[in-house]
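Open the model in your viewer and keep the sequence panel beside it. The stops below say what to select next and what is there.

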Amino acid sequence: MQLKRFTFLIILLSGLYATKASAQVLTQEDSLAAGLIYKQQATVLSGYGEARYSLDTKRKSAESNLKRVVLFLGHKFNNKISLFTELEVEDALSSSSGGDEGVTGRGSISMEQAFLKFNLNPSTYIVAGLFIPRIGYINENHLPTTFNGVDRPFLEEQIIPSTWREVGVGLYGQVLSVPGLNYSLALTNGLNSEGFSGANGIRGGRQLGQAANGVNLGVSGSLLYYISNFRLQASGYIGGSTALEQRVADSLQLNSGVFGNAVTLGEVNAQYNNNGISIRTIGTFVHINNADAINRAYANNSPETMYGGYAELGYDILYSRYKGERSLTLFGRYEYIDLGAKIPANGIENGANKKKYIVAGLTYKPIKGIAIKADYVERMTGDFNQALIVTPFPQQIPYFKNTGFVNLGIAYNF
């Protein structure tokens, strides 16, 4: 029976790879997830990281940092059950270094995932624990060697708050009657609206597995379809954002319950890869129910509606010679983001939350698992609302509507 299941799994994987658009096996974590680690009671070590240098051409200032280092530790108990864990350190130092250095860190240490995977059959599995739902491109597949640009696409940080992980349970599978069609359905804890803001949307509302409060829940689902050289996906999320017990929520006049002050998010994306040409597009929309009540309770200027999209074109000029084993990709990307498409009556309009980004650069991969990146980012926004300034002159930081950034970066995965 196990031999039959193993053979069936290989057939399914072969069918996906034949599309030329399926996810690549880039790391030991990918191998464990795809069932390519054959030994029982096997422990797997993997990881990735990235460092960057950024020059602000308008302010004449620069920043260099070790953006993140992630260590993956996985374990295959048997053919049915595997463990996936990732420990992430951001910005190199998260506390005082002590000793003679006397340096206080600005970084953080967090678990990016910690879940068990249960294989129900060769095409269906369940995950339980702290995991990352399938929403957008970067949230689930965020290795720094898999996207162009020194930084992640801005839309998938500011509107889709990648990396968005929560505690819960998820079901993943393939529709065998439609080759290339995959689905997911997940139930997790919800968001915390106290962390919402006009400048960062729902990003600060992620609870990230740290003693999430309230009875609110989130439901997400996706359809992912590989056909020929295309990868097509649609996903959605709805979840409560009142992370409080009912007694406290009532005192703040906030709806409580499973979907109290619900947040809804929808996105569609498409990707094309063929003969060194790559195209990515995505559009997303977020709506916050009762944003006016959230603003009244927390004075955080929560928007009612946000939306955005981007399109990217890339070309690997080395493809005809190396077929992807070595690559030099020239790319351009245009992003539009409106973090305040609709503001409740008690909110404050801020033109700075309407943003356009033009990104152009190159990504060089001398071997798989290593990326050397360079790009230029032009950011354009509306006027900053002076009513939001709480620090008097001369402490006020100047705001530039048009700003350019020159970025250099290196990244790895194994």
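Strands here are DSSP runs of E with at least two residues, numbered from the N terminus. Residues are numbered from 1 along each chain as its sequence is written, and hydrogens and water are left out of side-chain values, which use heavy atoms. The model is predicted: local features need pLDDT of at least 70, side-chain atom pairs count only at pLDDT 80 or more, and totals for chains, interfaces and linings use all residues.

Colour by pLDDT, the predictor's confidence in each residue from 0 to 100. The chain average is 92, and 91% of the residues score at least 70. Residues 1–22 fall below 50.

Select strand 8 (residues 217–227). Its covered face holds Gly218, Ser220, Ser222, Leu224 and Tyr226, while Leu217, Val219, Gly221, Leu223, Tyr225 and Ile227 are on the uncovered one. In a regular strand, side chains alternate between the two faces of the sheet.

Ser220 is the bridge partner of Ala186.

Gly221 stands opposite Gly236. Two residues separate these strands in a hairpin, and Ser228 in the turn has a positive phi of about 50 degrees.

Finally, select Leu362 in strand 14 (residues 354–365). Leu362 counts as partly exposed because its relative accessibility is 34%, between the limits for buried (under 20%) and exposed (over 50%), with a 1.4 Å probe and protein chains only.

Note on methods: Contact means heavy atoms within 4.5 Å. Helices (H or I, at least four residues) and strands (E, at least two) are DSSP runs, numbered from the N terminus. Two strands pair if DSSP finds at least two bridges between them.
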